[in-house]
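Subject: Structure for you to look at

Hello,

Here is the structure I promised to pass on. Please open it next to this email and follow along.

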Amino acid sequence: QQTFVVIVHKMIQRIHDGAAAMCKKLTQNKFEKEFPFMKNALVYYNKILQDFAVTLLDNLYPGANYPRRTTVLNILTSLSSTIGLASPRHQLDLALVVGPRLAATLLEALHDSYEANKEAALALLLRLPPAGLGHCDPEAVRARLEATVRLMRSSKPPDTVSVPLAISTAV
């Protein structure tokens, strides 16, 4: 599992570095003959990363086993720190693919029974723009606060541990 995460992180880093190099070359006229190839490669890189992000989100479902959830959260953290989830960087844009869906999935991950997964989900949630979390919608904020109150009243230990994390996303 750790080897897989390291290899995927290297892949993400190389795609990012390649996109950065191509974007730099696109500003230099001496590479004008290669512009169409570089633009196509950037579109391809973007498509690969978007499809990969969707696949990751598909694997972070509530019934997924612990290693799967941990691996997905680690790779999403790598994507977030290298590529960025909120705004395009080097013509690589994941914001359209992972916006509200990522927020909803990560909010569900706050109810994980493992503390490390909860913390990873919270760290990713805090990197998202407020609009992606629904902070612009008063009804969404109200619903989140009501869910937090329900967690506070719960007798289940994992729920009471999730309360500070839920409050962190609401603030």
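Two residues are in contact when they have heavy atoms within 4.5 Å of each other. Keep that in mind for what follows. One caution too: this is a predicted model.

First, the overall layout. The protein has 8 helices and 0 strands. From the N terminus on, its elements run α-α-α-α-α-α-α-α. The protein has 171 residues, and buried residues make up 41% of them. Take the contacts between residues at least 6 apart in sequence: 61% of these join residues at least 24 apart. The accessible surface comes to about 9,700 Å². Carbon and sulfur atoms account for 60% of that surface.

Next, the inside. In soluble globular proteins, nonpolar side chains tend to be buried together. Here, the largest nonpolar core has 40 residues. Leu76, Leu79, Leu94, Leu102 and Leu106 touch the most other members. Five helices each supply at least two residues of this core: α1 (2-25), α2 (35-58), α3, α4 and α5 (115-127). The largest share, 8 residues, comes from α2.

Pick out Leu102 on your screen. Which residues is Leu102 in contact with, leaving aside its neighbours within four places in sequence? They are Leu57, Leu76, Leu85 and Leu128.

Now a pocket. By type, the lining residues divide into 4 nonpolar, 2 polar and 3 charged. Which helix gives the most to this lining? It is α4, with 3 residues.

Last, a loop worth a look. His90 is found between α3 (66-82) and α4 (95-109). His90 has a positive phi of about 55 degrees, although it is not a glycine. Gln91 is found in the loop between α3 and α4 as well. Gln91 also is not a glycine, and its phi is positive, about 60 degrees.

His90 has 30%, so it counts as partly exposed. Gln91 has 49%, so Gln91 is partly exposed too.

That is the tour. Write back with any questions.

Best wishes

How values were computed:
Residues are numbered from 1 along each chain as its sequence is written. This is a predicted model: local features need pLDDT of at least 70, side-chain atom pairs count only at pLDDT 80 or more; totals for chains, interfaces and linings use all residues. Side-chain values use heavy atoms; hydrogens and water are left out. Helices (H or I, at least four residues) and strands (E, at least two) are DSSP runs, numbered from the N terminus. Buried means under 20% relative accessible area, exposed over 50%, partly exposed in between (1.4 Å probe, protein chains only). A nonpolar core is a set of buried Ala, Val, Leu, Ile, Met, Phe, Trp, Tyr and Cys residues joined through side-chain atoms within 4.5 Å. Ala, Val, Leu, Ile, Met, Phe, Trp, Tyr, Cys and Pro count as nonpolar, Asp, Glu, Lys and Arg as charged, and the others, Gly among them, as polar. Accessible areas come from the Shrake-Rupley method with a 1.4 Å probe; for residues, only the protein chains shown count as cover.
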